[in-house]
Every structure is written in structure tokens, then in C-alpha cells.
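Please keep the sequence and the 3D view open while reading.

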Amino acid sequence: MAKKKILLNAFNMNCVGHINHGLWTHPRDTSSRYKTLEYWTELAQLLERGLFDGLFIADIVGVYDVYQQSVDVPLKESIQLPVNDPLLLVSAMAAVTRHLGFGLTANLTYEPPYLFARRLSTLDHLSRGRVGWNIVTGYLDSAAKAVGLEQQPEHDRRYDQADEYLEVLYKLLEGSWENGAVVNDREQRIYAQPDKVHKVEHLGEFYKVEGYHLCEPSPQRTPVLFQAGSSERGLGFAGNHAECVFISGQNKAATRAQVDKVRAAAVAAGRDGQAIKVFMGITVIVARSEAQAHAKHAEYLRYASAEAGVAHFSSSTGIDFAAYELDEPIQYVKSNAIQSATKNLQNNDWTRRKLLDQHALGGRYVTLVGSPSQVADELESWIAETGLDGFNLTRTVTPESYVDFIDLVIPELQKRGSYKTAYEPGSLREKLFSDGNAHLPADHPGASYRQPADRPATSIPTGALEHA
Ligand SMILES: Cc1cc2nc3c(=O)[nH]c(=O)nc-3n(C[C@H](O)[C@H](O)[C@H](O)COP(=O)(O)O)c2cc1C
């Protein structure tokens, strides 16, 4: 049997310090060039050279002001601040690549679905079907205050709102325009046939929408749906909607359990458990030999900022770790931020000192350090032992860490048959799921919003979306 191919996204953000904080001070790091188009177009081309499935761009609305109840450390250390808009990067990167996908994080809490649907469709058109959306609802009160609210909605209510948001999007993206609506017939002077374009009339608890989707159907219609929350309520949401789930595992046993829960959530929602691809965030420091890799790791550690990592984690959990003495036990409180981030607090005896140790490289993603074959061994073993489908590869010193991975690890994985040697044709969805269907699968709830004429003929031939 052919070996399972590891899926791979580069994990990044339109800012200086993303996950492994402090490394922007490294002399070879170029992340302060994030404001230039060239930084992104060069990165996109580099990733396509490495046959990455996608560039996954995180985003945050709001600032990290939980640590010391201040924004001083985030500003000094550039902890995801300043941060530019991720969606606006895509056109330029799509223009210089043919296959790379784009996983775009966008917070639905602060943007009406009608307008967001148009932005997604526009990017899906311009990229020829290479767009994914990482659905987030936010976890910062600072964001809510910035847009005129007292505080963010309660944790589970955010997911209720997200369910309805998705319903509106499906109505717009899947149901407003029938497949054959656009005829582009110059002689008859008919661009679109009025009887095949339908007004959406939605009246729900959170949204009222009466209108036609502004865009004609894009290659994928609904972009590939990513999701990253893993609380009980988050899993329920993922089971219904997500095609890809992003988790931050800490060890293989817990990750195995998490992957199983994601698949069980899909089954509970009436979908195939394998319909969801699960990615884990990972950091890799690789060099030609083990000794060189450890030397590089030691060098990076000199520039990393553990304090910045902990300041970031304060906002993820909603706990001001600066308020604790170094060895004082940290109290568990039910969080209105990221519940999956505080879950471990119930079991572990967390202290600020331990958190600083965990954030030695500025972040606390699983970190592999070694030669190409050692890294490949570990990546393969994570996949085999946990049921994961792939990884979101964080950056350390950028673009150096991506270059190292592409030059050293990818060829090793290819040699072992666990990484593709060429892109598959078609849209991002076709590439990820290899089933020749650019659209949501028939058992996805979004498919039920299609017009009767568009069911069940949902597939379009593999390769139909290729560049001419
Ligand atoms: C690995 C991971 C990555 C995330 N990335 C983002 C992000 O880029 N932007 C954001 O606003 N929220 C992000 N989140 C937060 C989630 O989208 C979600 O709002 C949060 O996890 C709360 O859900 P939960 O309590 O169900 O985990 C991320 C969460 C996880 C676990």
C-alpha cells in the first residue's frame, strides 16, 4: 500500500513576531520586511518550490494586553503587533504561483457575513480556487472594546454565532447562484440568467440578510474550511463544518486522543471521520548533521524571548502570569479565551518558571531538532502514532527555517515516499482530498444549501481549474 503522504502548511502571520518570539532580533531574520510585497511573493515561490500544500496565515483582531495588563511587552517584542491584514496578501502571491494554497484566518465576530462572502469569492476567483478560511471567533476583550462592545461574547455563544454565520455563507456561496447562471452570451446580451440567481432571505438570531450574493460562483464556491478551537463546543462546531482542523499538540498520546475526538465529532455530525484533515503545529530546527542542528538551536535560543512567549500565552489563556511569583502555583480559572489552552492547567502544576522553560524558544509548539533523517523519523512517527494528516510548520529565523526544511527534510521525506513529488491538479480542495471535487462534498452541511438543480451533481472534473 502506498505510504500516507504528509500534508504540509507553512504557518505564518502578517507581522514580525508570530509564534517563536524574539527571533526577529536574529541577524539573519527578515520578518520586519513583512510590509513589502516582495517578502510575500518570495515566500510563496519558496514554498511552492518545497511543494507545500499551503501557506496558513494566522491573524488576530485586538492586542495582547493581559500580561501586566499592558501592551508594553507586545509592542517592544512585536508580539503579533503591529499586524497587517492577511487577506490582502493573497492576490500578489497567487499571481506568482500556480499551486500553493492559502489558509486565511479571519475573525467572523466583527464582520458581517454578506461582505465577507464577497471577499472570499473574490480571492477564490483570483487564485483559481486556492483559498481556505480558518474560521475564528476571537478570544480577546481588547478586540471587542475596539469595535464598541463592552467585552467579547461568552465562549459558547461565539460558536452559536459562528454556526449561524456559516449558514448565511452557505446560502450565499452555495445557493445564490446556480451552476449554469452565467452564460456570458454576447449575441443574446445575457451575461447571467435571472431565473438562476436567487435572493437569500435569512432571518436568524444573530443575522438578517436579504440579498443576492454579489459574486458569480468561484471555483470552489465555499473555500476550504479550517478551524482551530478544540473545547467541547469547538469540537461540535468542527464536526459540523471543518474540513481541516489545526491543533497544537504537546505529546503523542494527548494528540492521538485529540485527533480521535475530531474524527468522532465529524461522525456525530453525520460525516465521514476521515473527511477532516488534522494538522498539528510544529517547529523544526534542522541541519546537515545532528551536532550542527543542536548548535543552530543553541544559537536561536540566544535571541528568543521566553518572556514574550509567556506574555502571548497570557492572552491565549486570559491569565496574567506576571501577577504570579516565579514558583507560585497558578490557579485554574474557567477561561473565556481559548479553553483548550487552559485545559492542561487542570492537571499540571503550572508555575511561571515552568512556563518560561516551555517558552525557551519563544513559543511552546512541539520542537524537533536534528539531522534530516532524525527529523523525518520523528515526523513520520507523529503521523503514524497519532493519526494526524499533516503539520503547520512554524517559522523560527525566517526565511532560513523554511529554506532548511525544504532543502534538507523534504528530499528525505520524498525518498521515503511520505511526501509528494509533484502537485496534484485542481483547486486547493482537490489537492488536499484527492477526490476530484472542487466543491464541498455531498455529506457536508453546506451542500444542503444548493439549489435543487445543483444537487447531487457537485463534482467538476479534476484539472478543470488548471491554468490554461
Ligand atoms: C492551534 C490554534 C491556533 C489558533 N489560531 C488562531 C488565530 O490565528 N487567530 C485567532 O483569532 N484565534 C486563533 N485560535 C483560537 C481559536 O480559533 C478559538 O477561538 C479558540 O481556540 C477558542 O476555542 P476553544 O476554546 O474551542 O479552543 C487558535 C487556536 C488554536 C488551538
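The sections below cover the ligand site, several helices, the backbone exceptions and some distances.

The structure is a predicted model. Residue numbers start from 1 along the chain as its sequence is written.

## Ligand site

Which residues come nearest to the ligand? They are Asp-59, His-155, Tyr-159, Ser-231 and Ser-340, out of 21 residues around the ligand. By class, this shell has 10 nonpolar, 10 polar and one charged residues.

A polar backbone atom of Asp-59 sits 2.6 Å from a nitrogen atom of the ligand. The side chain of His-155 places an N or O atom 2.6 Å from a ligand oxygen atom. Ser-230 uses its backbone: an N or O atom there lies 3.0 Å from an oxygen atom of the ligand. How much of the ligand does the protein bury? Taken alone, the ligand exposes 610 Å², and the protein buries 93% of that. Two elements give two or more residues to the shell: helix H6 (155-175) and helix H11 (339-342).

## Helix H4

Helix H4 runs over residues 113-126 and has 14 residues. From the first C-alpha to the last, H4 reaches 20 Å. That is close to the 20 Å expected at 1.5 Å a residue.

Which residues of H4 are buried? They are Pro-113, Phe-116, Ala-117, Leu-120, Ser-121, Leu-123 and Asp-124.

## Helix H10

Helix H10 covers residues 306-317, 12 residues in all. At 1.5 Å a residue, H10 should span 16 Å. Its end C-alpha atoms are 16 Å apart, which agrees.

Why is H10 described as largely enclosed by the rest of the structure? Because 10 of its 12 residues are buried. The buried residues are Ala-308, Gly-309, Val-310, Ala-311, His-312, Phe-313, Ser-314, Ser-315, Ser-316 and Thr-317.

## Cis peptide bonds

Leu-81 and Pro-82 are joined by a cis peptide bond, with omega about -5 degrees. Pro-82 belongs to the loop between helix H2 (72-77) and helix H3 (90-95).

A cis peptide bond also joins Thr-398 and Pro-399. Here omega is about 5 degrees. Pro-399 falls in the loop between strand E13 (390-393) and helix H14 (400-415).

## Positive phi values

Gln-69 is not a glycine, yet its phi is positive, about 45 degrees. The residue sits in the loop between strand E2 (54-58) and H2. Is Gln-69 buried or exposed? Gln-69 is exposed, because its relative accessible area is 67%, and the cut-off for exposed is over 50%.

Arg-128 has a positive phi near 55 degrees, and it too is a residue other than glycine. Arg-128 lies in the loop between H4 and strand E4 (131-136). With a relative accessible area of 39%, Arg-128 counts as partly exposed.

## Buried residues and C-alpha distances

Ala-144 is part of helix H5 (residues 141-146). Its relative accessibility is 0%, so Ala-144 counts as buried. How far is Ala-144 from Val-61 in space? The C-alpha atoms are 8.8 Å apart, while the two residues are 83 residues apart in sequence.

Ile-383 is found in helix H13 (residues 372-386). Ile-383 is buried, at a relative accessible area of 9%. From Ile-383 to Leu-440 the sequence separation is 57 residues, and the C-alpha to C-alpha distance is 25 Å. Met-13 lies in strand E1 (residues 7-13). This residue is buried as well, with a relative accessible area of 0%. Met-13 and Ser-127 are 114 residues apart along the chain, and 19 Å separates their C-alpha atoms.

How values were computed. This is a predicted model: local features need pLDDT of at least 70, side-chain atom pairs count only at pLDDT 80 or more; totals for chains, interfaces and linings use all residues. Side-chain values use heavy atoms; hydrogens and water are left out. A residue is near a molecule or strand if one of its heavy atoms lies within 4 Å of it. A polar contact is a pair of N or O atoms within 3.5 Å; within protein, one must be able to donate a hydrogen and the other to accept it, and residues adjacent in sequence count only if both atoms are side-chain atoms. Accessible areas come from the Shrake-Rupley method with a 1.4 Å probe; for residues, only the protein chains shown count as cover. Helices (H or I, at least four residues) and strands (E, at least two) are DSSP runs, numbered from the N terminus. Ala, Val, Leu, Ile, Met, Phe, Trp, Tyr, Cys and Pro count as nonpolar, Asp, Glu, Lys and Arg as charged, and the others, Gly among them, as polar. The expected span of a helix is 1.5 Å times one less than its number of residues. Buried means under 20% relative accessible area, exposed over 50%, partly exposed in between (1.4 Å probe, protein chains only).
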